[in-house]
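Q: Could we go through how the features of a protein model are read, taking the general idea before the particular case?

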Amino acid sequence: MNHPHGRNRRLAAIATLSVACAWASPARAYRPFDGTDADVADVGNFELELGPVGWYSLGPGHYLVAPATVLNLGIVRGWELVGDFQNFVGLEPLPGEARVRLLETDVLLKALLVSGSLQGEGRGPSAAVEFGPLIPNVNGEEGFGASCDLIVSQRWEGLVLHANNWVQLTRGSLHLEWFEGVILEGSLEDAFRPVGEVFVEHEWVTGITEWSGLVGGIWRAKSGLDFDVGLREARLGDQPVTEVRLGLTWTFGVWRPEEPAGHGMSPHRQLVISE
């Protein structure tokens with residue numbers, strides 16, 4: 001969650017475009033958003049969240065994101081293991097930077113704290129936490145960091161809301177960053193649902209803030225397979241950001257648990273068990 005699932009946040013070289021693929025969001029654990037939902041994969045289920053190719057621009061710099069990948073595995077009841085990375089390919093040469101950079105390399109744990117409306121258990125909110133280390137990037141920021149995201153989701157008839165409350169210590173410098181985001185979705189029963197997300201992200205040492213809005217949609221092709229599209233416009237400091245996201249989420253069973261995971265699955269995390 002990916003998801004949330006990041007990039008170098010110091011942005012010290014924004015004038016030289018080195019920040020064009022350096023700003024990060026929480027690990028994306030729910031496409032096509034920067035935030036995630038308060039749900040986890042069932043035990044034995046694997047979720048591949050793949051963006052084969054995307055477009056990212058910051059000011060005059062342009063990039064292909066090929067691929068953007070989040071890997072989720074239900075390991076025990078109410079817990080999943082999350083790994084993610086994004087491969088940025090610069091379409092113009094950047095002074096002092098490699099054209100290809102593997103960024104947002106994270107390994108996180110996500111735990112379901114409260115089973116609620118998102119799992120089909122009552123009408124109250126669901127809650128989860130996603131946390132873990134940030135791993136050094138390839139041709140990006142060196143050093144380790146840490147991330148923790150508290151997620152609250154509420155499902156009503158025809159509307160779903162996910163709120164992300166996240167803090168991070170950046171890689172190497174260990175600067176404090178803060179992220180607040182809200183995801184809105186249409187009815188989970190519909191084959192196609194419109195979606196949107198707004199967030200604000202602030203780096204306390206540099207004082208740089210990003211304001212972002214995303215609109216898009218998710219199409220459930222069949223049980224365990226969703227396709228998504230998203231268009232994001234943002235302002236990073238005084239620089240405009242545009243991003244196009246295209247991808248899919250494929251859920252399948254890796255092993256059969258001895259007993260059911262015990263919580264209902266929301267439609268975007270349907271249970272698919274291998275025979």
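A: Let us begin with a definition: a salt bridge is a side-chain nitrogen of Lys or Arg within 4 Å of a carboxyl oxygen of Asp or Glu. The model is a predicted one, in which local features need pLDDT of at least 70 and side-chain atom pairs count only at pLDDT 80 or more, while totals for chains, interfaces and linings use all residues. Residues are numbered from 1 along each chain as its sequence is written, and side-chain values use heavy atoms, with hydrogens and water left out.

Q: What is the mean pLDDT of the chain, and which residues have pLDDT under 50?
A: pLDDT is the predictor's confidence in each residue, from 0 to 100. The chain has a mean pLDDT of 85, with 83% of its residues at 70 or more. Over residues 260–265 the pLDDT stays under 50, and the model has 22 contacts (heavy atoms within 4.5 Å) for this stretch beyond four places in sequence. Residues 271–275 also have pLDDT below 50, and that stretch has 18 contacts in the model beyond near neighbours in sequence.

Q: How many salt bridges does the count come to, and where does E189 lie relative to R155?
A: In general, side chains of opposite charge can pair when their charged atoms come close. Here the count comes to nine salt bridges. One of them joins the side chains of E189 and R155, at 2.2 Å from N to O. To place such residues we use strands, which are DSSP runs (E, at least two residues), numbered from the N terminus, as are helices (H or I, at least four). E189 sits in the loop between β9 (176–185) and β10 (192–203), whereas R155 belongs to strand β7 (residues 145–156), so that the pair links distant parts of the chain, 34 residues apart. With a relative accessibility of 54%, E189 counts as exposed, where exposed means over 50% relative accessible area, buried under 20% and partly exposed in between (1.4 Å probe, protein chains only).

Q: Which residue forms a salt bridge with D37, and is D37 buried or exposed?
A: The partner of D37 is K110, with the closest N and O atoms 3.1 Å apart. Because D37 lies in the segment before β1 (45–51) and K110 in strand β5 (residues 100–114), this pair ties together parts that are 73 residues apart in sequence. Both D37 and K110 are buried.

Q: Which residues are linked in a network of salt bridges?
A: The network links D34, E210, R232, E243 and R245. Within it, the side chains of R232 and E243 meet at 3.0 Å, N to O. R232 counts as buried at 2% relative accessibility, and E243 counts as buried at 3%.

Q: Why is β10 described as largely enclosed by the rest of the structure, and what joins it to β9?
A: Nine of the 12 residues of β10 are buried, so this strand is largely enclosed by the rest of the structure. A hairpin of six linking residues joins β9 to β10, and the two strands run antiparallel with nine bridges, I183 standing opposite E197 in β10. On to strand β11 (residues 209–222), β10 is joined by 11 bridges, also antiparallel, and the bridge partner of E201 in β11 is E210. β10 and β11 form a hairpin with five residues between them, and G207 in the turn has a positive phi of about 80°.

Conventions:
Two strands pair if DSSP finds at least two bridges between them.
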